[in-house]
Amino acid sequence: MVEVVLEWTASAAPVQAEGTFDGLPFYFRARWDHWSVGIGGSDPAGDPLWYYEEPYGKPDGYDASYMPQDEARAFILAAIERYRAEQA
């Protein structure tokens, strides 16, 4: 289980969240047809130590821009688990 401190900074167009886990900052963004998570580094939004991105919804669509927060939270947790697995 991942203990995450999370703050939603925008709820739509784009969906954005910032937070920390294990003392590392992260940044989540969902816009257009994809979502991404940046972790660590000097700026997790612009210069992350680790970055992950996946498509979401229809190609060239706007589905990710209106992603429900519960779904976004699940993607954030999955990305953190992926990060941890790669660091192990």
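This note goes through the predicted model point by point, from the sheet to individual residues in the loops.

1. The sheet. Five strands make up an open sheet, arranged in the order E1-E2-E3-E4-E5 with antiparallel pairing. Strand E1 (4–11) and E5 stand at its edges, and because each has a single partner strand, one side of each is left without a neighbour in the sheet. Averaged over the sheet and with direction ignored, neighbouring strands are turned by 15° against each other.

2. Pairing of E1 with E2. These two strands run antiparallel and are joined by seven bridges, with Leu-6 having Gly-19 in E2 as its bridge partner. They form a hairpin that has three residues between the strands, and in this hairpin Ala-13 takes a positive phi near 50°. The peptide bond that leads from Ala-13 to Pro-14 is cis, with omega near 5°, and Pro-14 has its place in the loop between E1 and E2. A reader may want to look at both features in the structure, because most residues other than glycine have a negative phi and most peptide bonds are trans.

3. Pairing of E2 with E3. Here too the sense is antiparallel, over seven bridges, and Gly-19 has Phe-26 in E3 as its bridge partner. The hairpin formed by E2 and E3 has two residues between the strands, and Asp-22, which sits in the turn, has a positive phi of about 50°.

4. Pairing of E3 with E4. Six bridges join these strands, which run antiparallel. Phe-26 has Ile-39 in E4 as its bridge partner, and Phe-26 is also the bridge partner of Gly-19.

5. The nonpolar core. The largest nonpolar core has 20 residues, of which Phe-28, Ala-30, Trp-35, Ile-39 and Met-67 touch the most other members. Strand E2 (15–21), strand E3 (24–31), E4, E5 and helix H1 (69–87) each supply at least two residues of this core, and H1 gives the most to it, with six residues. In soluble globular proteins, nonpolar side chains tend to be buried together.

6. Surroundings of Trp-35. Which residues are in contact with Trp-35, leaving aside its neighbours within four places in sequence? They are Phe-28, Arg-29, Ala-30, Tyr-52, Glu-53, Glu-54, Pro-55, Tyr-56, Met-67, Phe-75 and Ala-79. Among these contacts, Phe-28, Ala-30 and Met-67 are listed with Trp-35 as core residues that touch the most other members.

7. Ser-65 and Trp-32. Ser-65 is found in the loop between E5 and H1, and with a relative accessible area of 4%, which is under 20%, it counts as buried. Beyond residues up to four places away in sequence, Ser-65 touches Ala-12, Ala-13, Pro-14, Val-15, Ala-30, Arg-31 and Trp-32. A polar atom of the side chain of Ser-65 lies 2.9 Å from the backbone nitrogen of Trp-32. Trp-32 itself lies in the loop between E3 and E4, counts as partly exposed at 38% relative accessibility, and has a phi near 55°, a positive value in a residue other than glycine.

8. Asp-60. This residue lies in the loop between E5 and H1. Is Asp-60 buried or exposed? At 72% relative accessibility, Asp-60 counts as exposed, and its phi is near 60°, a positive value in a residue other than glycine.

9. Gly-41. The place of Gly-41 is in the loop that runs between strand E4 (34–39) and strand E5 (50–55), and at 46% relative accessibility Gly-41 counts as partly exposed. Not counting residues up to four places away in sequence, Gly-41 touches Asp-47, Pro-48 and Leu-49. Gly-41 and Tyr-51, which are 10 residues apart in sequence, are 10 Å apart in space from C-alpha to C-alpha.

Notes: Residues numbered from 1 in each chain as written. Predicted model: local features only at pLDDT ≥ 70, side-chain atom pairs only at ≥ 80, totals over all residues. Heavy atoms only, no water. Helix = DSSP H or I, 4+ residues; strand = E, 2+ residues; numbered from the N terminus. Buried < 20%, exposed > 50% of the residue type's maximum accessible area, 1.4 Å probe, protein only. Contact = heavy atoms within 4.5 Å. Core = buried A, V, L, I, M, F, W, Y, C linked by side-chain atoms within 4.5 Å. Pairing = 2+ DSSP bridges. Axes fitted to C-alpha atoms, helices over the stretch in contact; angles between N-to-C directions. Polar contact = N/O pair within 3.5 Å; in protein donor to acceptor, adjacent residues only side chain to side chain.
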